Amino acid sequence: MAIIGNLSPDQLHSFNSQGYFVLESFASAEDIDAMRKRMDQLLHDFDCSATASIFSTKNQQQSTDNYFYESGEKISFFFEEKAFGNDGELQQPKELSINKVGHALHELDPVFKGFSYSEKVSSLFSSLGYKRPIIIQSMYIFKQPGIGGEVVPHQDNSFLYTEPPTCTGLWLALEDATITNGCLWAIPGSQKNGLVRRFIRGEGGVTFDRPSPEYDQKDFVPIEVKAGSLVVIHGDLIHQSFENQSSKSRHAYSLHVVDTDGCKWAQDNWIRRKVEPEPLYVSSSELKFDL
């Protein structure tokens, strides 16, 4: 069955001019409840004594162990930087210590797969002109109260590069996201300047190929949204979020999608798949995606 695009001309204009747009009420209350309850169960079943992998965007060169690499095809748990005390023990329950869960929830968990491969997600990418899109990673992000870590300014194409670049991010608010609890911030129109740098995996680990530019914080605008809203993010848009110092969490579910028709996955990306991902749909001559 053909996938019909569901975006309006105004939404497409916002994406092309501003680098992002918001779809309010994209997920139903039932969708949100199902994903949150499923994550509660995954956290309950997670044995935190088996791993202590910490995620940080400030020092991502440290995140180069096999647990991190293999998470591209698994459901893996990453702690907040401030989750552990000086004695190496968790300072709060594990449910309040996890930074994110990734990066294959969309493939391996039926609840998250059901949402990720829904017709409304496919229709969105049809509107954006994707021919054979795949979800290359998914993340459940907690932004824990009091310790939810900062995400420094970045572009999604840096981490998930295709030639030519095709990454688009979907950021679904599972709770209200405000300035107080660490909402997204972006520089409108910054995607027009192209990709600044790449995050490359080599024999010695992962590293950026050049330093980060300095950004003027006055150029960023907050993207405050209600639970259920979807933020659609161009792969070259400069965006960030600040540390959550409030008493409220800011749960979100994030997907990153690339096209596989007429483009090539970069072999030096951090994700090196062993199994080819299932496309959301195929709308033209199918080209094999070499991972």
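User: What are the ground rules here?

Analyst: It's a predicted model, so local features need pLDDT of at least 70 and side-chain atom pairs count only at pLDDT 80 or more, while totals for chains, interfaces and linings use all residues. Residues are numbered from 1 along each chain as its sequence is written, and side-chain values use heavy atoms, with hydrogens and water left out.

User: Why is Ser-254 called buried?

Analyst: Buried means under 20% relative accessible area, exposed means over 50%, and partly exposed is in between (1.4 Å probe, protein chains only). Ser-254 has 4% relative accessibility, so it counts as buried.

User: What is Ser-254 in contact with, leaving aside its neighbours within four places in sequence?

Analyst: Contact means heavy atoms within 4.5 Å. On that basis the partners of Ser-254 are Gln-137, Ser-138, Met-139, Ile-141, Leu-170 and Trp-171. Ser-254 itself sits in strand 14; strands are DSSP runs of E, at least two residues, and helices are runs of H or I, at least four, numbered from the N terminus.

User: What makes strand 4 and strand 14 a pair?

Analyst: Two strands pair if DSSP finds at least two bridges between them. Strand 4 (residues 133–141) and strand 14 (residues 252–259) have eight bridges, in the antiparallel sense, with Tyr-140 opposite Tyr-253. They belong to an open sheet of seven strands, ordered 1-12-7-14-4-3-2.

User: Why are strand 1 and strand 2 the edge strands?

Analyst: Strand 1 (20–23) and strand 2 (75–79) each pair on one side only.

User: How do you know that Glu-107 and Arg-273 form a salt bridge?

Analyst: The term needs a side-chain nitrogen of Lys or Arg within 4 Å of a carboxyl oxygen of Asp or Glu. In this pair the closest N and O atoms are 2.7 Å apart, so Glu-107 and Arg-273 form one. Glu-107 is in helix 4 (residues 105–108) and Arg-273 in the segment after strand 15 (264–265), 166 residues apart. Arg-273 has a relative accessible area of 6%, so it's buried.

User: How many salt bridges does a search of the whole structure find?

Analyst: It finds 14. Among them is Asp-209 with Arg-210, the closest N and O atoms being 3.7 Å apart.
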